[in-house]
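Here are a few friendly notes to read alongside the model. I start with the ligand and then turn to the strands and the core.

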Amino acid sequence: MAALQAGVWGVGSLLLLSAAAMAADEPAQEASESAPPSLPEPANGVAYPQGWQDWALVSVSHRTDNATMRVILGNDTAIEAIRAGQTNPWPEGSVLGKVVWKAVSLADWSSAQAPGTFVHAEFMFKGEGQADTGWRWARWVGEAQTPYQLSETECVACHSPVKGRDWVFTTPAPLP
Ligand code: HEC
């Protein structure tokens, strides 16, 4: 009887043990299932700004010469600087993003322009050691977000008309 009991307990303990093992396995499995997809490679040695899709609006723009529409976004530091009216110079840690789409007409209202093909996302990072402008510049192309190889002077040259505005064209859009 004692031997039988021991046998029963033995099986029970085994079941408990394997249930515990399964339970212990579960969180690890969940964690790997919900792990974020890997980020695009750095561009120009600049790390991809994770989570920019959730940043707040700074402004929008529409370029009529190449039929693209853009949103300009800011990270938390940039948005706080806008609210405090301290954007010349922008504080260290500010990141401004510009996200560009081809403009297309809405199928049901052709005079309304809306985002079509994704073109690129590009960013200015304040205070990462670019002594001449105070910004690092980087762009990722297409939905695949392929790092764009550039000489930073390419960005800087075009932004030089607004050197006196800390190299930034955009005036934050008025919001109520
Ligand atoms: C052909 C000229 C030109 C080049 C080259 C250029 N930019 Fe710009 N950029 C602009 C203009 C004009 C604006 C503002 C209007 C708009 O929304 O496009 C702007 C806006 C931006 C903004 C939003 C903040 C701001 O200044 O208004 C970011 C971020 C930006 N550019 C990053 C870059 C990066 C990074 C590069 C290099 C990969 C780059 N730009 C190259 C002309 C240029």
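1. Around the ligand there are 21 residues, and Ser61, Cys155, Cys158, Phe169 and Thr170 come nearest; a residue counts as near if its C-beta atom, placed from the backbone, lies within 6 Å. This is a predicted model, where local features need pLDDT of at least 70, side-chain atom pairs count only at pLDDT 80 or more, and totals for chains, interfaces and linings use all residues. Residues are numbered from 1 along each chain as its sequence is written.

2. Which helix gives the largest share of the shell around the ligand? H3 does, with four residues. Helices (H or I, at least four residues) and strands (E, at least two) are DSSP runs, numbered from the N terminus.

3. S3 pairs antiparallel with S2 over seven bridges, and Ile72 has Lys98 in S3 as its bridge partner. Eleven bridges join S3 to S4, also antiparallel, and the two form a hairpin with two residues between them. Pairing here requires at least two DSSP bridges.

4. Val95, opposite Phe125 in S4, is also among the residues with the most contacts inside the largest nonpolar core, alongside Leu96, Phe123 and Met124. That core has 23 residues, namely buried Ala, Val, Leu, Ile, Met, Phe, Trp, Tyr and Cys residues joined through C-beta atoms within 7 Å; buried means 20 or more other C-beta atoms within 10 Å of the residue's own, placed from the backbone.

Notes:
Buried ≥ 20, exposed ≤ 12 C-beta atoms within 10 Å, placed from the backbone.
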